[in-house]
Amino acid sequence: MKDLFNNNNSNNNKDEKKPKKKQGFTILSGDSTDGHGGYGVGTISLNNLTPIFVDPEDEEVFVDMGALHARSSVEKRIKFTANREDAPNPKLYWLVWVMVDSSSAGPYYAGLGACELQVDAEARRGYKSMPEHVNNMDKALKKKVVVDNMDDKSKALLKKFLIEHNEEFWERASEEVKNAL
């Protein structure tokens with residue numbers, strides 16, 4: 001008689017191998033490994049995504065790759081919350097995810113996703129919305145443009161930076177990217 005409360009109902013044969021569980025979670029539905037089903041199936045490549053910080057107060061724009069892992073110079077040593085009031089004297093920064101893609105004409109700015117950060121360095125507190133950061137990064141990867149939440153000064157600083165960084169990328173960018181900035 002089988003013991004329904006005991007997991008060991010295989011005639012006590014410990015050498016019997018159980019089938020491996022399949023990994024059921026993938027970020028993308030496409031199989032980047034041509035069907036072998038191994039580790040790394042459905043991963044996202046961030047090779048063409050660049051985090052750019054815009055500081056409208058100091059009129060400074062800079063690239064900080066540490067932002068890909070929330071370890072940028074702006075974010076280090078700051079405890080972030082989803083409550084704006086936790087940063088008593090904040091300084092505004094914009095983290096803009098910039099996607100560069102390539103066409104037959106050459107590389108171009110394809111997607112933009114702007115995210116607000118409020119940082120009080122003295123109090124070591126800040127505000128950021130993690131869902132906004134993740135969603136806008138995803139939108140930039142999908143060649144969408146989300147910068148309508150930025151102020152005009154910050155947009156102008158970003159536009160100037162992108163043009164100075166590579167004018168050819170800017171010339172090949174879509175009208176949506178150009179009109180948004």
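Predicted model: local features only at pLDDT ≥ 70, side-chain atom pairs only at ≥ 80, totals over all residues.
A residue counts as buried when its relative accessible area is under 20%, as exposed when it is over 50%, and as partly exposed in between, using a 1.4 Å probe and protein chains only.

Residues are numbered from 1 along each chain as its sequence is written, and side-chain values use heavy atoms, with hydrogens and water left out.

## Strands

Let's start with the strands. Helices (H or I, at least four residues) and strands (E, at least two) are DSSP runs, numbered from the N terminus. Two strands pair if DSSP finds at least two bridges between them.

Take β4, which covers residues 91-103. Is this strand buried or exposed? Of its 13 residues, 10 are buried, so β4 is largely enclosed by the rest of the structure.

Strand β1 (residues 49-55) runs antiparallel to β4, and six bridges join the two. In that pairing, F53 sits opposite L95 of β4. Strand β5 (residues 106-120) also pairs with β4 in the antiparallel sense, this time over 13 bridges. Here W94 has E116 in β5 as its bridge partner. β4 and β5 make a hairpin, with two residues between them.

Now back to E85, which is found in the loop between β3 and β4. Its C-alpha atom is 10.0 Å from that of Q118, although the two residues are 33 apart along the chain.

## Salt bridges

Side chains of opposite charge can pair when their charged atoms come close. A salt bridge here is a side-chain nitrogen of Lys or Arg within 4 Å of a carboxyl oxygen of Asp or Glu. How many salt bridges does this rule give? The count comes to nine, and the table shows some of them.

| Pair | N to O distance | Relative accessible area |
|---|---|---|
| K91 and D55 | 2.9 Å | K91 17%, D55 1% |
| D138 and K142 | 3.1 Å | D138 29%, K142 51% |
| R172 and E168 | 3.9 Å | R172 27%, E168 49% |

The bridge between K91 and D55 has its closest N and O atoms 2.9 Å apart. K91 lies in strand β4 and D55 in strand β1, so this pair ties together parts that are 36 residues apart in sequence. K91 is buried, and D55 is buried as well. D55 and K91 are also linked with D58 in a network of salt bridges.

In the second pair, D138 is partly exposed, while K142 counts as exposed. R172 and E168 both lie in helix α3 (residues 167-172), four residues apart, which is about one turn of the helix. R172 is partly exposed, and E168 is partly exposed too.

## A charged patch

Which residues form the positive surface patch? They are R71, K76, R77, K79, R124 and R125. Patches are made of residues with over 30% relative accessible area and no salt bridge; like charges are joined within 9 Å, and nonpolar side chains (Val, Leu, Ile, Met, Phe, Trp, Tyr) within 5 Å. K76 counts as partly exposed because its relative accessibility is 43%.

Methods
Areas by Shrake-Rupley, 256 points an atom, 1.4 Å probe, with all protein chains shown as cover. Lys, Arg positive; Asp, Glu negative; His and termini not counted. Charge placed at Lys NZ, Arg CZ, Asp CG, Glu CD.
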